[in-house]
Amino acid sequence: MNTNKQHRSGHVVIGVDTHKHVHVAAVMDTIGGILASLTIPTETGGFPQLLDWATSFGSVLAFGVEGTGSYGATLASFLRRAGHKVVEAGRPDRRLRRMNGKSDTLDAEYAARAVLAGFATATPKSADGEAEMIRQLKIAHDQAVEQRTAAMVTMKAMLVHAPDPLRNEAAGKTQIALARHLAGLRPRQLEGPEDALRHALRTLAKRWQYLDAEAKDLTKMIADLVHRAAPQLLEPFGIGWTQPRRSSSWPATTPNASSPKPPSPSSQASLPYPPAPA
């Protein structure tokens, strides 16, 4: 920590440059400029140290924190619970970086100056309550759906090159039926490509079933949270929890309406494959 003795107004702003393992803070007096800097660990034990250090210089007008949606999220939440104003400082101007160099202390000073000058005014998200719970569950849900779709697309692609008996057995089945059928395969010893194909299809089918169950469990949890947090959004007919504020219908063609959109992997995966032979 370093400190400069200057004339002070008793009112300060704090700029914080956040990182994965350490945070660097700078305190700026409203008339005395930069007074000091401090480096703290990112563990919660370092946050009270930062708060005590900041308030020792006077009345804190605001904290300007970089990365309130990533490395600075926990710090921003702690400061807000302590009753302080927190704003998103943003990244320093590239031109200033080229002129003055790049360091964590300089970034913290830029954050403090941005708050004092009124350039940094955005209020970071609270990262608590039902909204944050839904966001976290939806991350896991979307990944499960994406991987489930990839598994189904891969199974159908591998079936194209499967022997006729196996391909005919899978013909015309829905996703659930196809996964159930392939998961029930009894592969023989690995003696040829067909044996390896059966093992691969069985593995992919079991993966699809697991991801399908996981996605459905997460869907139910998210729907319960949406209903608890904002039930009025679900009242209109045809509106689900996934996009309650968006239209339920979307154009099916390109902007010039000259040709239809190509099917997405998820829409392809939803079709029965392959079609039953005539």
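**Helix contacts and confidence**

Mentor: Let us begin with one contact in this predicted model. From helix 5, Met 152, Met 155, Lys 156 and Leu 159 meet Gln 175, Leu 178 and Leu 182 of helix 7.

Trainee: How do the residues of the contact of helix 5 with helix 7 divide by class?

Mentor: Five are nonpolar, one is polar and one is charged.

Trainee: At what angle do the axes of helix 5 and helix 7 cross?

Mentor: They cross at roughly 65° and come within 12 Å. Helix 5 and helix 7 are therefore roughly perpendicular to each other. Their crossing is left-handed.

Trainee: And how do helix 5 and helix 8 pack?

Mentor: Helix 5 covers residues 129–160 and helix 8 covers residues 193–229. The angle between them is about 155°, and their axes are 8 Å apart.

Trainee: Why are these two called roughly antiparallel?

Mentor: Angles over 145 degrees count as roughly antiparallel, and the angle here is about 155°. Helix 5 and helix 8 are therefore placed in that class. Helix 5 passes helix 8 in a left-handed crossing. The contact of helix 5 with helix 8 has 25 nonpolar, four polar and six charged residues.

Trainee: Changing topic, how many salt bridges are there in the whole structure?

Mentor: A search finds eight. One of them joins Glu 130 and Arg 228, whose closest N and O atoms are 3.6 Å apart. Glu 130 belongs to helix 5 and Arg 228 to helix 8, so the pair ties together parts that are 98 residues apart in sequence.

Trainee: Why can such side chains pair at all?

Mentor: Side chains of opposite charge can do so when their charged atoms come close.

Trainee: What about helix 1 and helix 2; how do they pack?

Mentor: Helix 1 (residues 46–55) and helix 2 (residues 73–81) pack at an angle of about 55°, and their axes are 11 Å apart. The two helices are therefore oblique to each other. Helix 1 passes helix 2 in a right-handed crossing.

Trainee: Which residues make that contact?

Mentor: Helix 1 contributes Phe 47, Pro 48, Leu 50 and Leu 51, while helix 2 contributes Thr 74, Leu 75, Phe 78 and Leu 79. By class, seven residues of this contact are nonpolar, one is polar and none is charged.

Trainee: Last topic: what pLDDT does the chain average?

Mentor: The average is 80, and 78% of the residues score at least 70.

Notes:
Residues numbered from 1 in each chain as written. Heavy atoms only, no water. Axes fitted to C-alpha atoms, helices over the stretch in contact; angles between N-to-C directions. Helix = DSSP H or I, 4+ residues; strand = E, 2+ residues; numbered from the N terminus. Parallel < 35°, antiparallel > 145°, perpendicular 65-115°, else oblique. Left-handed = near helix turned anticlockwise from the far one by under 90°. Nonpolar A, V, L, I, M, F, W, Y, C, P; charged D, E, K, R; others polar. pLDDT = per-residue confidence, 0-100. Salt bridge = Lys/Arg side-chain N within 4 Å of Asp/Glu carboxyl O. Contact = heavy atoms within 4.5 Å.
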